[in-house]
Amino acid sequence: MKEAFPGVKKIEYEGPESKNPLAFKHYNPDQLVEGKTMAEHLRFSVAYWHAFRNGGADQFGGSTRLMPWDDGSESVSNAQNRVRAAFEFFEKLGVGFYCFHDRDVAPEGATLAETNKNLDAVVKVLKEEQQRTDVKLLWGTACLFAHPRYMHGAATSCNADVFAFAAAQVAKAIEVTKELGGEGYVFWGGREGYKSLLNTDMGRELDHLAKFLHMAVDWKKQVGFTGQFYIEPKPKEPTKHQYDSDAAACYAFLQKYNLVEHLKLNIEANHATLAGHNFVHELEFAAANGILGSVDANRGDLLLGWDTDQFPTDLYDCTFSMLTILNMGGFTTGGLNFDAHVARESFEPVDLFHAHIGGMDTFARGLKIASAIRKDGILSDFVAKRYASWDKGIGADIESGKMSFKELSEYMLKKGESTPNESGRIEMLENIINDYI
Ligand code: XUL
Ligand code: CO
């Protein structure tokens with residue numbers, strides 16, 4: 001096959017002074033930060049569906065992107081060529097991982113058996129290319145939302161046969177993920193939600209979703225897949241109400257159905273803002289509950305109410321998210337997957353490089369800044385001091401469970417009034433963060 005990106009050489013680190021748009025200014029893969037290389041901290045991944053399947057179409061017009069390696073057909077040979085183009089891109093970009101849905105990489109056939117055969121034929125090339133390049137699979141997933149059979153949902157469909165089809169599809173997708181050495185597997189509930197309560201039995205649908213995930217956990221053991229399972233929260237799109245609406249809703253669901261030990265969360269920045277949260281709020285909630293697994297790194301547009309999936313270039317967001325990730329001890333199986341697409345106007349192949357370079361450099365800067373903040377201890381010292389009343393005396397007694405309402409009433413009746421509060425100093429802290437950025 002001809003080179004897919006003939007005009008682009010391997011992207012190198014040239015440092016902050018470089019003016020070369022096709023070079024990294026901050027992402028220096030081998031540079032050590034807190035004892036690990038940047039590559040080990042950030043674990044960047046390319047999302048196959050956006051980088052190689054999304055042509056830029058929107059509700060008002062068709063695809064704009066030039067993809068000279070793609071003949072536009074739904075043939076297996078075209079899918080295999082696309083894989084070779086994708087791995088040339090991963091290699092030139094210097095990224096360690098990629099992610100895909102089953103239907104991104106291989107075309108759907110007339111029957112499930114035919115579809116599985118198509119998938120196997122493409123997985124063979126994925127495996128060859130992984131071996132050739134050492135690029136790894138961060139996670140695999142199944143597309144349970146695009147085909148018309150999933151119009152009412154997959155695991156939450158009113159049609160039991162559709163549940164069965166989805167189960168068979170996920171079983172195969174888990175097998176394929178294992179075959180490719182995937183480090184994780186994501187469940188994003190594409191159409192697991194509802195549009196109208198008039199035709200929906202919500203309790204039954206939630207029970208079905210839990211049953212589906214338990215079956216997946218059993219299957220994982222049966223086939224010997226040792227990667228991490230994740231749920232990806234999202235509040236809306238495509239259904240009006242999605243069951244996995246945010247990190248807290250997912251955590252409650254996992255707890256109710258005894259699934260916490262089996263699934264962590266894959267937090268996506270743009271999904272957090274759609275849920276009315278900051279990206280870092282979702283990360284922090286997941287980390288505080290021990291279920292932060294991986295990240296879909298992108299950005300929304302607060303003036304638009306939909307999932308715009310833009311590349312992350314907001315330094316504040318990237319700094320705060322890296323602070324949370326460093327504070328929790330870093331990724332294990334997870335990473336930063338660019339679930340983002342180039343703008344419809346950025347239609348040339350080279351734009352794919354510019355987009356990813358920007359995302360990688362912004363997170364690398366965020367990592368360096370977050371590490372400097374941690375080293376100086378300014379935020380952690382402030383927070384520790386703010387909660388100092390809990391370290392001894394009455395606070396320590398409450399935390400250790402020695403106190404009841406009776407004793408606290410006696411304590412306060414004797415004291416008469418609580419110790420005065422101290423300022424939260426929010427503006428001062430915001431100014432300090434700006435000094436680091
Ligand atoms: C949809 C979304 C998905 C998941 C994988 O908004 O983020 O692409 O990341 O199914
Ligand atoms: Co995503």
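Start with strand β13 (residues 292–296), which is mostly covered: five of its five residues are buried, where buried means under 20% relative accessible area, exposed means over 50%, and partly exposed is in between, using a 1.4 Å probe and protein chains only. Strands here are DSSP runs of E with at least two residues, helices are runs of H or I with at least four, and both are numbered from the N terminus. This is a predicted model, in which local features need pLDDT of at least 70 and side-chain atom pairs count only at pLDDT 80 or more, while totals for chains, interfaces and linings use all residues. Side-chain values use heavy atoms, with hydrogens and water left out, and residues are numbered from 1 along each chain as its sequence is written.

What sits on either side of β13? Two strands count as paired if DSSP finds at least two bridges between them. Strand β12 (residues 263–268) is joined to β13 by four bridges, and the two run parallel. Within that pairing, Asn266 has Ser294 of β13 as its bridge partner, and Leu265 stands opposite Leu292. β14 is also parallel to β13, with two bridges joining them; here Asp296 is bridged to Asn337 in β14.

Now step across to β12. Five of its six residues are buried, so this strand is largely enclosed by the rest of the structure. β12 also pairs with strand β10 (residues 228–231), in the parallel sense and over three bridges.

Next, a pair of helices. Two packed helices are described by the angle between their axes and the distance between the axes. Helix α10 (residues 279–288) packs against helix α11 (residues 315–327) at an angle of about 5 degrees, with the axes 9 Å apart. The axes are lines fitted to C-alpha atoms, for helices over the stretch in contact, and angles run from 0 to 180 degrees between N-to-C directions. α10 and α11 are therefore roughly parallel to each other, given that angles under 35 degrees count as roughly parallel, over 145 as roughly antiparallel, 65 to 115 as roughly perpendicular and the rest as oblique. On the α10 side the meeting residues are Phe279, Val280, Leu283, Glu284 and Ala287, and on the α11 side Asp317, Phe320, Ser321 and Thr324; contact means heavy atoms within 4.5 Å.

On to the aromatics. Rings of Phe, Tyr and Trp (its six-membered ring) pair if their centres lie within 6.5 Å; planes under 30 degrees apart count as stacked, over 60 as edge-to-face and the rest as tilted. By this rule there are 27 aromatic pairs. Take Phe5 and Phe89: their ring centres are 5.6 Å apart and their planes at 45 degrees, so the pair is tilted. Phe5 lies in the segment before β1 (12–13) and Phe89 in helix α3 (residues 76–93), so the pair ties together parts that are 84 residues apart in sequence. Phe5 counts as buried at 2% relative accessibility, and Phe89 is buried at 0%. Phe44 and Phe338 give another geometry: with centres 5.4 Å apart and planes at 20 degrees, the pair is stacked. Because Phe44 lies in strand β5 (residues 44–47) and Phe338 in strand β14 (residues 336–338), this pair ties together parts that are 294 residues apart in sequence. Both Phe44 and Phe338 are buried. Phe5 and Phe89 also belong to a cluster linked by ring pairs, whose other members include Tyr48, Trp69 and Phe353.

Charges meet rings too. A charge sits over a ring if NZ of Lys or CZ of Arg is within 6 Å of the ring centre and within 35 degrees of the ring normal. Arg149 lies over the face of Phe165, at 3.6 Å from the ring centre, and Lys220 over the face of Phe229, at 4.8 Å.

Finally, two single residues. Arg191 is in the loop between β8 (184–187) and β9 (193–194) and is partly exposed at 28% relative accessibility. Leaving out residues up to four places away in sequence, its contacts include Phe145, Tyr150 and Pro238. Glu129, in helix α5 (residues 112–133), counts as buried at 8% relative accessibility.

Conventions
Chains are lettered from A and ligands numbered from 1 in the order in which they are written.
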